[in-house]
Amino acid sequence: MKFRELMDTKYKEILENYLNEQDEKALYLGQKFSRKSIEHNVSPEEIISLHKSVILEMEPDLPHHVLHSFDILLEVMIGYGFAYREHQSLRTKQQELNNEIDVAANMQQTLLGTRIPQVDGLEVGAVSVPAKKMNGDYYHFVEDENENVSVAIADVIGKGVPAALCMSMIKYAMDSLPEYRNKPSLVLESLNRVVEQNVDASMFITMFYGVYDSKSHQFSYSSAGHEPGFYYNADTGEFEDLDAKGLLLGVDKKAKYREYERTVEEGDMIILLSDGVTECRSEEGFIEREDLVELIRKYNHLPPQEIVNSVYKELERLQHFELRDDFTLIIIKRNQ
């Protein structure tokens, strides 16, 4: 028996049951019938037509004006039927799009994946969480044969799929960098030319790039308009801004970047972040950089990975578990 014929029989049974008993069970059966009808793409006007035919079969002497009233209801529901079918079509397309974005997000995680370096005398912690499925933040570590550790953190001014595509381009541009990988200023100049030539003029990328020399304990770095990080001095217990000036990537292909350098003492920490960290918002407004410093200080006794995890959880809770921007926080600590 075809579904439409089964519908007639089932609907008549449900209607008779309700008219006789008028209990919750009958209403529940009606809800089940509704869900089943939706699964089989039965339109609202078909349900009205079915109701009219069943009523006429059950009550053949029903006054004509009552029966004719169903004709008006049927005409009214035709418009709803068109809207319903369009809604179903959009839901199907939305589901297909969501599935494709899920696949793309998984691919992005694989493509942009990086390994936390394991270098004697150095501890590293990192957390990066997208506000949506696709991440507009990017971070990457490279450890060379001399145990020098390069770290990059970037943020596309924008969100969603376009930002994620830009991050993939940055990653592969970095993979193809020549031998001056350990010169932060030259790295940014090279990437700036790639971005300027290949990215839409409405999109810009901020980036911080640094290199830690594990033998001399020198940290050299450059910035392309990126959110300033912090430097923690273990001797004084003070935090200071890790300021570095430079033009965003993609603005001017001839841009030059200044290189900064500082000596990292035992117990000192380098703290890098995206603007999604400082733009976390509580009921009182955006958190201040001083608030972030106090959070890091609160967990300062923990290893770097536990610090970044703890800070993220606190800020996530502050925002009622709803990130408004991509969140990336990295801590590099010299422990000997």
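Contact is taken here to mean heavy atoms within 4.5 Å of each other. The model is a predicted one, in which local features need pLDDT of at least 70 and side-chain atom pairs count only at pLDDT 80 or more, while totals for chains, interfaces and linings use all residues. Residues are numbered from 1 along each chain as its sequence is written, and side-chain values use heavy atoms, with hydrogens and water left out.

Leaving aside neighbours within four places in sequence, I205 is in contact with A154, D155, V156, C166, M167, I170, V195, A224, L248 and L249. Buried means under 20% relative accessible area, as against over 50% for exposed and in between for partly exposed (1.4 Å probe, protein chains only). Of the 26 residues in this core, those that touch the most other members are M167, I170, M174, I205, M207, Y209 and L249. Two or more residues are given to the core by each of β3 (149-156), α5 (160-175), α6 (184-198) and β4, and the most come from α5, with six residues. A second, separate core of 25 residues includes V127, Y232, L273 and L323.

The helices and strands named here are DSSP runs numbered from the N terminus, helices being H or I with at least four residues and strands E with at least two. Two strands are said to pair if DSSP finds at least two bridges between them. In general, strands of a sheet pair through backbone hydrogen bonds, either parallel or antiparallel. In this model, an open sheet of five strands has the order β2-β3-β4-β5-β8, with antiparallel pairing. Its edge strands are β2 (137-143) and β8, each of which pairs on one side only. Neighbouring strands of the sheet are turned by 15 degrees against each other on average, direction ignored; axes are lines fitted to C-alpha atoms, for helices over the stretch in contact, and angles run from 0 to 180 degrees between N-to-C directions.

Within this sheet, β3 and β4 pair in the antiparallel sense over eight bridges, with V156 opposite I205 and V151 opposite G210. Strand β4 (residues 205-213) pairs in turn with β5, again in the antiparallel sense, over six bridges; here F208 stands opposite S223, and the bridge partner of V211 is S220. The hairpin of β4 and β5 has four residues between the strands, and H217 takes a positive phi near 60 degrees in it. Eight of the nine residues of β4 are buried, so this strand is largely enclosed by the rest of the structure. Likewise, β5 (residues 218-224) is largely enclosed, because six of its seven residues are buried. Helix α6 lies across β4 and β5, running at about 155 degrees to β4. Strand β5 also pairs with β8 (residues 260-263) in the antiparallel sense over four bridges, where Y221 has Y260 as its bridge partner.

Helix α9 (residues 304-318) has 15 residues and reaches 21 Å from its first C-alpha to its last, close to the 21 Å expected at 1.5 Å a residue, the expected span being 1.5 Å times one less than the number of residues. The buried residues of α9 are P304, I307, V308, S310, V311, Y312, E314, L315 and E316, and what covers them includes β1 (122-129), β9 (269-273), α7 (275-278), α8 (289-298) and β12 (327-334). The helix is followed by H320, whose phi is positive, near 60 degrees.

How values were computed. Core = buried A, V, L, I, M, F, W, Y, C linked by side-chain atoms within 4.5 Å.
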